[in-house]
Amino acid sequence: MSAPVDHLQERLLDAGETLTDIMPSAITLAMMLRHRSMAAWLHREFEGYAPETELPGYRHDVSGHIVARSPQYGWIPAPVDEHQLEQFGHLDLREGVSELEKTCMNCKKGNGHRIALPPEQLRDLQQKINLTAELAINVSRTTYCDVIRTIRGTLYLWTTAVIDSGLAGDHNSFTREEKEQVASLDQPGRFWREATESLTRLPVPTVREAGFLERMFGRAS
């Protein structure tokens with residue numbers, strides 16, 4: 001299977017291409033280059049992180065807002081102080097890219113995605129704020145989109161480094177010398193940290209918002 005580096009980078013810069021659709025080609029390229037660490041990271045991103053697996057920084061301790069369900073007004077900000085928000089308003093995002101991207105696409109701009117508090121935390125917080133209402137963490141659409149853009153940006157920086165090393169053009173395979181030429185680039189941590197620091201300057205597109213029919217009936221295959 002062919003996975004030319006420059007074509008992969010073109011797809012990363014195309015707002016019409018979802019990261020979910022791009023990931024298999026990126027995994028193929030990593031395997032062709034014998035970038036085992038990159039391939040392993042891509043597989044975890046694609047499939048999601050197991051509970052015991054350490055998360056990269058952009059997925060760990062993500063902040064949100066605590067909201068309470070009012071019988072009259074629906075979901076409204078919960079009456080929590082800064083300490084309670086710090087204690088209960090953070091979570092890890094372990095879902096695979098497809099689920100994260102779908103969440104982001106289905107959220108309208110300015111809105112977010114509600115995640116129920118675990119039962120033990122729910123009871124603890126209800127007691128602390130003397131409220132029996134249902135409570136949840138609301139994570140903004142921007143936060144989800146930034147995670148997707150960070151992963152996409154990581155791939156952009158990685159493919160840029162591979163191209164700069166002289167491996168542009170169509171390849172059905174790579175020679176041993178070519179693989180050795182880019183062996184030092186098998187560092188996903190290096191690239192995702194760089195993507196995190198330079199996210200606002202990277203040319204990768206953000207996640208588009210799904211249209212009404214797409215939200216109602218799902219994405220056409």
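In the predicted model, one side of helix H6 carries the exposed residues Pro119, Glu120, Arg123 and Gln127. The helix spans residues 119-129, and its buried residues are Leu125, Gln126 and Ile129. These three lie on the same side of H6 because they cover an arc of only 105° around the axis. The packing partners of the buried residues of H6 are strand S2 (65-70), helix H4 (82-88) and strand S6 (135-140). After H6 comes Asn130, which has a positive phi, near 55°.

In soluble globular proteins, nonpolar side chains tend to be buried together. The largest nonpolar core of this model consists of 58 residues. Within this core, the residues with the most contacts are Leu33, Trp41, Leu42, Ile151, Leu155, Trp158 and Val162. Helix H7, formed by residues 141-164, contributes the most to the core, namely eleven residues. For Ile151, leaving aside residues up to four places away in sequence, the residues touched are Leu19, Met23, Trp41, Glu45, Tyr58, Arg59 and Val97. One of these, Trp41, is also among the core residues with the most contacts.

Asn106 belongs to helix H5, which covers residues 97-106. The relative accessible area of Asn106 is 40%. Asn106 is therefore classed as partly exposed, as this class lies between the limits of under 20% for buried and over 50% for exposed. Along the chain, Asn106 and Ala30 are 76 residues apart, and a distance of 30 Å separates their C-alpha atoms.

Terms used: Residues are numbered from 1 along each chain as its sequence is written. This is a predicted model: local features need pLDDT of at least 70, side-chain atom pairs count only at pLDDT 80 or more; totals for chains, interfaces and linings use all residues. Side-chain values use heavy atoms; hydrogens and water are left out. A nonpolar core is a set of buried Ala, Val, Leu, Ile, Met, Phe, Trp, Tyr and Cys residues joined through side-chain atoms within 4.5 Å. Buried means under 20% relative accessible area, exposed over 50%, partly exposed in between (1.4 Å probe, protein chains only). Helices (H or I, at least four residues) and strands (E, at least two) are DSSP runs, numbered from the N terminus. Contact means heavy atoms within 4.5 Å. The arc is that of the directions from the helix axis to the C-beta atoms.
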